[in-house]
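Biologist: I would like to learn how to read a structure like this one. Please take the features one at a time.

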Amino acid sequence: MGSQVPLEGRGRDSGPLFSGVAPEIIEDTLIHLATENEQYLSELPEQAGCFKETRIVEFIFLLSEKWHLDQSTRYQAVELLERFLIKQVEQMCDDRGSTKGSTQGQRSSWSSVRDQITNTFVLRLVSCVQLASKLSLHYSRVTSDTALRFLQSLKYSYTKQELLESELAVLNTLHFHINVSTPLAYVELLLEVLGYNGCLLPAKPLHQMCVQLLDLCYLTRETIYDTLLKIAIENSTPSKLQIAKFLTVKEDFMLLAVGVISTGVFILSPGHWEQAVEHLNCITGITPQSILEFSYAVVRRIVGCTTPKQHRGTKSPQDRIPPQK
């Protein structure tokens, strides 16, 4: 995982500097990310992914582009907003738990929750982008004046005090636990490991391609994972149980990172693809078949093609999903 350096002018990063970290640090970081990922998946809320709709992700990406924020900030903001909104919904529903005895009361309660989220949604989104920018040490942070000008351009009349209170609301709801690893951190670390393992790949072009593919996976999340689910169950009509079980696959950052790198290698250097898949399998334990399936789902989203047949005797992480009955 490379160290970031700012560009002159617009303040963008030129990409990570690979081969600049000691092997023991890379190993410790890999173990940390793998443990963090497994813990997150083991505690996954049922609502995970509900607030990663394309229009929300696109809004955050475009706002990050407008404010010239670095690559990791936009992913951090998406994940931050998702975690905050899930927690907010849980808290608000708990507060209204007394209405659960009445169907009409339940509908009224949910309507109240929805209205409250809608009324402050853009403000909270801006606050999440602000907070994410503050986690990036090498780049300009989004000031209150900048955020207010943007909100005013959308005809909102918030004050600096309300903006500050919004940031505090996000922080308090998440108990100030906002600095979590993004899929980009997984991608950059795995690229670093591949380099140390002697996998001869063009580091900088591959990193740039991986960022573009990661953007695609965020922006077309449902389409890609819908394809992946149908491949896993070998059926075009998954059951509700299968969809529910598949949630751990959709939220697996390590799988996402491995799939993005595999697809990037396939596009840029197809002659090294099998070698890269072997290395990724050894590093993460994710099976070659799983990597193939994820890459296929991404490539299919880009160019479109038919569903491949699964090789016999090869299991994938999608074996978490029960067969269709």
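Modeller: Begin with the helix: helices (H or I, at least four residues) and strands (E, at least two) are DSSP runs, numbered from the N terminus. Glu 222, for instance, is found in helix α9. This is a predicted model, in which local features need pLDDT of at least 70 and side-chain atom pairs count only at pLDDT 80 or more, while totals for chains, interfaces and linings use all residues. Residues are numbered from 1 along each chain as its sequence is written, and side-chain values use heavy atoms, with hydrogens and water left out.

Biologist: How many helices and strands are there in the protein?

Modeller: The protein has 14 helices and 0 strands.

Biologist: Which residues of α1 are buried?

Modeller: The general idea is that an α-helix has 3.6 residues a turn, so residues three or four places apart point the same way. In α1 the buried residues are Ile 26, Leu 30, Leu 33, Asn 37 and Leu 41. They sit on the same side of α1 because they cover an arc of only 70° around the axis, the arc being that of the directions from the helix axis to the C-beta atoms. These buried residues pack against α7 (183-196), α11 (247-250), α12 (253-268) and α13 (273-284). The face turned away from the buried side carries the exposed residues Glu 27, Asp 28 and Ser 42.

Biologist: What should I look for in the backbone angles?

Modeller: Most residues other than glycine have a negative phi. His 68 has a positive phi, near 55°, and is found in the loop between α2 (54-66) and α3 (71-95). Glu 234 also has a phi near 55°, and is found in the loop between α9 (221-233) and α10 (240-245).

Biologist: Are these two buried or exposed?

Modeller: His 68 counts as partly exposed, at 34% relative accessibility. Glu 234 counts as exposed, at 59%.

Biologist: Which residues form the nonpolar patch on the surface?

Modeller: Patches are made of residues with over 30% relative accessible area and no salt bridge: like charges are joined within 9 Å, nonpolar side chains (Val, Leu, Ile, Met, Phe, Trp, Tyr) within 5 Å. A salt bridge is a side-chain nitrogen of Lys or Arg within 4 Å of a carboxyl oxygen of Asp or Glu. Accessible areas come from the Shrake-Rupley method with a 1.4 Å probe; for residues, only the protein chains shown count as cover. Here Phe 266, Ile 267, Leu 268, Ile 302 and Val 303 form the patch, with about 450 Å² of accessible area together. The largest share, 3 residues, comes from α12.

Key: Buried < 20%, exposed > 50% of the residue type's maximum accessible area, 1.4 Å probe, protein only. Contact = heavy atoms within 4.5 Å.
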